[in-house]
Amino acid sequence: MTVLTTERCCKRCRNAQSARSLMAEVHIIGQIIGATGFPQNSLFCKWGIHTGGAWRLLSGLKEGQTQVDMPQIGDMAYWSHPIDLHYTTKGLQGWPKLHLQVWHQDSFGRCQLYGYGYCHVPSSPGQHRLQCATWRPLGSWQDQLAQIFVGGGPQLRTPDLIYSGADRYRLHTVAMGTVELELGVILRHFDRYGVET
Amino acid sequence: MAVEEEDPGETLRRSLKAKHMKRKKKLFKEMVLESPPDEENEETAVQEERGEGLQRDDSSPVRSPRDLPPRPVIRPGSSQSETSMKQRVAEKLRAAKSKTASLLEQESIIEPVSRLQSLRDRETLTRFDRDIDQDLRVDEDSSFAARLKFRGAARSAARDKRAEDGLPTAEEAYNFFTFNFDPEPQDKSRKQRQSRRREAEEEGEAESENEEEEEEEEKEEVETEREYEGQQLETRDEDAPLVSDVEEDLFVIGQSEHDFLEVRRAEYLGYSRRLQRERETVFVPSMRTVPASGKLPENVRPRYLEEEGLYVGERPSVSLTNRNILENRILKQAEGREWFGDDGRIMALPDPIKESSSRPPLFHLEDELDPALHTVYRKALKSKHANRYIAAMGDPQTDYQLDVDVSGLIFSHHPLFSREHVLGARLAQLYDQHLTGKQKKLTHLLTDKLNGLRNTIRNMLELHRGEALSQVTQHRIAEYKQEVRHTRHLRDVEQEKDRALLKNIIRVWKELKTLRDFQRFTNTPYKLFIRREMVDMDQDELEFNNEIVMEVSELRAEAEEDYQRKMSEYRRRHEDWKSWRRKQKALKKKQKKKRQQEDEDEDEESEEELGEEPEKHDSPEKPDMTAVEEQVREKATRIRRKPGEPVLIPELTVSGPVTPNEQCPRAEFARREDVAKRSLFIKVLYNDKEVSRTDSRTLNMDFRVHFGQIFNLKIVNWPESIKLQIFESVGSSSSQLAEVCVPVPESSVLTGSAPSEEMEFSSNQRVTFNHEGVGSGVPFSFEADGTNMQTLLTSGKLSCCVSWAVGMNDVPLAPPSNHPVGGVYSGLMQMDAIACIGASSLNDMKKLGKWAAESRLDPNDPNNASIMQLLSVVSGGEMAVPEYFRLEQLQEEFNFLSDEELQRSRRFRLLMLRSQEVPEFRHFKCVPSVEREISEKVFQEYERRIKEGEIIDTKDHIDAHRALVARYLQRVRESVINRFLIAKHHFILSDVVSEDEVPSIGVLGLNLFKLAEPKRPLKPLRKERKKVTAQNLSDGDIKLLVNIIRGYDIPIRRPYTSKPPVSARSARPFTEQFTAPVSSQTPVQGSDWPLGQPLIRPFVEVSFQRSVLQTSTAEGPNPCWNEEIVLPFSAPNGDYCSTSLQSFKDEVFINLFDELLYDVVEDERERGNTIHTRIERHWLGSIKIPFSTIYLQSRIDGTFKVSTPPVLLGYSKERSLGSDGGYDAIRSLSDGTFLSLFITIEPQLVPGETIREKMKEVKFDSQELERLLTACEVFEKEAGRCFSDRPCLTTVIDMNGKTVFVTRFIRPLNPPQKLLDAFPNSPQDTMELVARYVSLIPSLPDSVSFARVCDLWSTCDQFLTLLAGDEEEHAVLLCNYFLFMGKKAWLIIGTAIPEGPTVYVLTYEQSRYLIWNPSTGQHYGQYDIFCPLQTIGCLINTDNVWFNMQPYAAPVRMSFDVSRPKLWKPFFSRAFPDPGLSSVQVRTTRTNDSSFIVQNYPSHWY
């Protein structure tokens, strides 16, 4: 995707005004396939899509939670959770980001956090296979000890941090598994506003 | 080879050497020292030799002359060197043998004797010198063993010769396999041999031994040779072709498998042997220290670098043994020495491990870290309540705590009150009021305010004296005056109240005193003193008069003003009138000129022309000033203290003596006993769960209970309700008196600062006693004659306080306040700023200022001072702050287009509305992708609806009342729908996982049985079809099947009695062509028609969704069609989901027609060869069946009444005379026309059952006891399990959205008196009239769009107010009316056709049951087969609910005797008794309703 030069852009904009009904739309259709590489594999995932202020959700759910999958064969937990969103936008800022939280449900039915992850929704149209790596805050040694014995674990006070670019480098984290996603992106009328796709 | 390996050889050699030496020494000694023993010694030696010779005797050919001399053995495989050596050995052997033979020959003479002798001699000899003997014996033993061996070897050697011939003996074979030969390696023995040779050369003695060894060697050689041979043999075997030899035999049957197989024992290698073998192949380096010399090159001294002063790092530490092993191993290798350094140690680098860790530690102070990066440790939690937690995203580590302080309870009425207590309580209450009034000093305040206002007005007027008042001042004065009027009014009211209160207090006190006198004992300690406070007479009078004067003047001024205004108004109107008059006159003149007509007419006409005549107003009366004064005075005396009258101040004390128990009469004593028995406790319920309860406290004589307990509730869930339940216990049983809901405190309400609140409670229990206690809910009287009855209900005040706890460090343990708090404050809106705009928006200065302006905040009131100050401060600096804050500053620059344009997009709007599930757009499947394809019209309806929400459209409705009702219902319905929509998004397992049942063995068995079933059974049963889920359907897939079976009792044509005999146009019924002449001549009745003639030719036409189909024509009044009509079905918008199908409002119309054929042949002559008829269809009646009923019931089967017009011209219901009595009997029960139908949908659709189940999961609030609700759930579940098709109903949802137990709706209510009076003598007619009356109330289904998902029940009062309701409301009202009339009546919950699940009424009368349809007013007998009621699920009356447990649910086949628990399962039984539920119905319904209905619905008649 390239943003055209200003002159062309303006021309396009004028065109756009002439046909003002043609507004940029984005369809995000796909699924959260599953997760691998986690220490244990009775997992579920909470997901959400964060957009900037210029975006407006036309239909679909922008956040949700998958079922708990306990794979009996293999390491990968499969969710195949559908994502179907339809956005319209008046600007490019705040392109949709997908943020994920992978949770583990233990044998007592308790849930604990296993990883945070985040990735941009691809901006080029077509089918994309994404792998979103996840991480988990480590916490102090007391926390780690408690986690070994009684479960639970450190969580972010403000989960916005997953997708907001604050200085996360101070956090001590542990790498967790990856979440696999398959997203199809359909763009419409972006070329009218000087965005070549 | 190894060093160790050498050792035993060496030792052996050494020992042998030593032996020889010894023997030699011995020999020398013996020879030297003694001569006689020498002989003997020789003897022994000879013996030895002889022994050898003896041994050799049997085998060796040397000895016997017959044997062949030994010849050299040359074998083909042996090498040349070997043979040569063997030859040499053999020669030697021969030489030795000859030698010994000669020796033997020398001594052979003494041989036979000496042998035994020598043995004996030796014995003796040994006795002589012992020290030698031991040695000797040992030697002999060894030699003996050697000899034995030798003998064996010799024998084997002898046998060898035979073996060469190819025949080993059995013994040999055995020895070969079993003997344990010493595994002496060849070269070792060679070495031995060499060394021995050397020795032999050295000493030249002991040849014999050498010989022995030679022998041994030979034997070994033989052995190796044999082994070799064996190998050869084996190889030969392997080389030989397997099959070629055996080929002939292989397939010969005679050979068994034993010929090919052999059994072998398991191979086992002995442990020691294995060790030995391993030792052969494995090298184990020794752990001994290697001497330094071994490690360094020769003649090099170790050199130590440290000693030379060079730095040598510390070597990594290795254990000594490991190092030794390594050194030993390295040394074995070629160039092993290279690994060693100059110091004789293995070369090594210094230890690489550093002492301290090189990774720098991460230091960060906690405060440095970005607060956003803080992590929280969270326990692993169950997610069950996750969404209901107070702070879903916030930190759960802070816990919230509610403190519930239950301090006490005061009864204002209790069933155990005596009459005196009642009065006492009243007195106390009045006194309380008095005290609070006094504390507030409202009267005083208002008076002050009034005076202040008056002063202000006066001051203003004085200030502007003589000058013209400015506009502003005038306005203000007017405002002040208004205020004065208002305040005065308030003050008057207040004063009146005060006075009335005082009067009441005194009256009650007097009553109390008389009562005490009457009953001659005292129960309450109340005592009232009235203090008189004398006042200054003159002063008082002055003030009084002043006040009156002021008021009068004000009133006068007001009246004057009023008069002025009215006058001006009058003048204006008068002017109008005058001008009109003038015009009229002018007109009149004109008209006079024109026409000559009467004056009045002209007047009227002119009126018509000029419009209506303006009223001619009378000039307003001048107000009567004197009357005003009188009024004021009169009022003053009424509400105010008279001047000079002393001020009365009542004082209530509780110090009076109470009569002790002994002096009381028995009834009173019993009451006090009863009081003492009672105790009270309070349960604290949080979110409808009991969290704690107080201790039980006994009830005191003064009916005050002090608890004083504080409960700390640590809460996780958001508080929804906090309830306190007051329980009274007598003995061990306890009952709930009342329930008090405490509002959830705002988060700013904290413990310590929160005031204790008094919550009033009351209970509508009915309690009566046989002692002095007045009871509760029962009327009683203070008078002796029983007049002036009073009914008091148990009530009182609970003083409690709920607040948020304050934790350590004074942190309030309250959740953040941004949660919406329901309208706790509603009434005080105007008075309280916080209530008006909410506590949270107190920071919003604008709002506050606005509120202050609106509510006319008194700036001088000290209560408002702080707010005023705040406002004045804020209003100054407000302008400087910009009014907006932009989050994304640069967004604007990069926007493609503006918000408005986005807003304008119709397509986006449509998409969003669809995803919000707005009813109009919910079913849109496809939204066009191009904007221009969406017309503006799409939104018109939606927008209109939105607008209509605001405006009441009175045109569509009969009057405003109905419009209001409709709006109210609409709102109720919307809230229900919203709940439903929420419920729809809660998925239950069956929504997500659809799992077909796996066929089990049982099913398989059943299927096998099915094979044996007849293909076409005599009595076919309808099978359950497979249900189709709605999602994968499209248009044309679904068909509606209507099977019309037969009709009953269709009206027949009436013969044309009054018809002219021959019609002018000769058009006559075709079917009557033969009978017409007859009938025209003789006026006969229909019954006279000849039998067999078609009286009627009916056919049925079914129309549904624009498709109309009809059956063929049958004949007669009871025709039989038995035809199936298939109608296509297409859903609205192509949406086949269950919700849209349920809300689908189309109906199936089934019309009954009579087909008439008219002969229209004009010419009689043509009759012969042309037929020209006209077919006429005469409509007889119709049936309407809503599609939703068919959908929900999946099939409809039964006989239905055809709704026919009351009068069918030309048709009559004639009974055929010939019909038999049995059939007639059934028909006589019900008159009407019937059709037997079977309707279903093909394929069968799954009705939206899941939605209803989900709705059950949505819990509604309830005031019922928890126990009752669970019992209901259990009852319904059990009912559903036994008979899933029978509806069971125990709880319903009322108009407020609360769950109510159903029997609460039943209560005798009086019908309008007019109806009861109509037929005083015929109760049957009265009942019918009442039913008719009820059925006239318009029917309005609960929610069309969600048919029967959620029934709302309204009480009869609400029903009559709303004048709309569905079947339930009609049935409840009818049932209640019947109960009032003294009938036995029940509600029937069942299914009927075509309504589906519905409610009917059952009455019992003169030993027969009648079923009433409340919506139509019709009634059916129990045995009426045409009764629309198909199934009866349960019966309900005031006391109980009964569920039908009988095998049949059709009313015809069942018994209505509810006293038999086997047939009817009661809800309240002995195990679970009726807790005494009170009714929700209002006691009396308004009686003017009937006239209301009659007035407003003139279209109905009765």
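Let me begin with the contact between the two chains: chain A and chain B bury about 3,900 Å² between them, and carbon and sulfur atoms give 56% of that area. Buried area here is the accessible area, taken with a 1.4 Å probe, that two parts lose on being put together, summed over both. On the side of chain A, the residues that lose the most area to chain B are Arg56(A), Lys90(A) and Arg157(A), which together account for 20% of what that side buries.

Before I go on, please keep in mind that this is a predicted model, in which local features need pLDDT of at least 70 and side-chain atom pairs count only at pLDDT 80 or more, while totals for chains, interfaces and linings use all residues. Residues are numbered from 1 along each chain as its sequence is written, chains are lettered from A and ligands numbered from 1 in the order in which they are written, and side-chain values use heavy atoms, with hydrogens and water left out.

How many residues does each chain bring to the contact? Chain A brings 47 residues and chain B brings 41 residues, where contact means heavy atoms within 4.5 Å. Between the two chains the count is one salt bridge, that is, a side-chain nitrogen of Lys or Arg within 4 Å of a carboxyl oxygen of Asp or Glu. The salt bridge joins the side chains of Arg907(B) and Glu25(A), at 2.5 Å from N to O. The side of chain A that touches chain B is made up of 19 nonpolar, 17 polar and 11 charged residues; Ala, Val, Leu, Ile, Met, Phe, Trp, Tyr, Cys and Pro count as nonpolar, Asp, Glu, Lys and Arg as charged, and the others, Gly among them, as polar.

Let us stay with Arg907(B), which is found in helix α25, residues 906-915 of chain B. Helices (H or I, at least four residues) and strands (E, at least two) are DSSP runs, numbered from the N terminus. Is Arg907(B) buried or exposed? Arg907(B) is buried, because its relative accessible area is 8%, and buried means under 20%, exposed over 50%, and partly exposed in between, with a 1.4 Å probe and protein chains only. Setting aside residues up to four places away in sequence, Arg907(B) touches residues of both chains, including His86(A), Arg188(A), Val927(B) and Ile934(B). A polar atom of the side chain of Arg907(B) also lies 2.9 Å from the backbone oxygen of Pro928(B).

The chains also meet through strands: β10(A) pairs in the antiparallel sense with strand β1 of chain B, residues 375-378, over four bridges, and strands pair if DSSP finds at least two bridges between them. Within this pairing, Pro154(A) stands opposite Tyr377(B) in β1(B).

Now to strand β19 of chain B, residues 1098-1104, which is largely enclosed by the rest of the structure because seven of its seven residues are buried. In a regular strand the side chains alternate between the two faces of the sheet. Both faces of β19(B) are covered, with Pro1098(B), Val1100(B), Val1102(B) and Phe1104(B) buried on one side and Phe1099(B), Glu1101(B) and Ser1103(B) buried on the other. Two antiparallel partners follow: β22(B), residues 1147-1159, over six bridges, and β20(B), residues 1107-1110, over four bridges. Pro1098(B) stands opposite Asp1154(B) in β22(B), whereas Glu1101(B) stands opposite Gln1110(B) in β20(B). The hairpin of β19(B) and β20(B) has two residues between the strands, and there Gln1105(B) takes a positive phi near 50 degrees.

Terms used. Polar contact = N/O pair within 3.5 Å; in protein donor to acceptor, adjacent residues only side chain to side chain.
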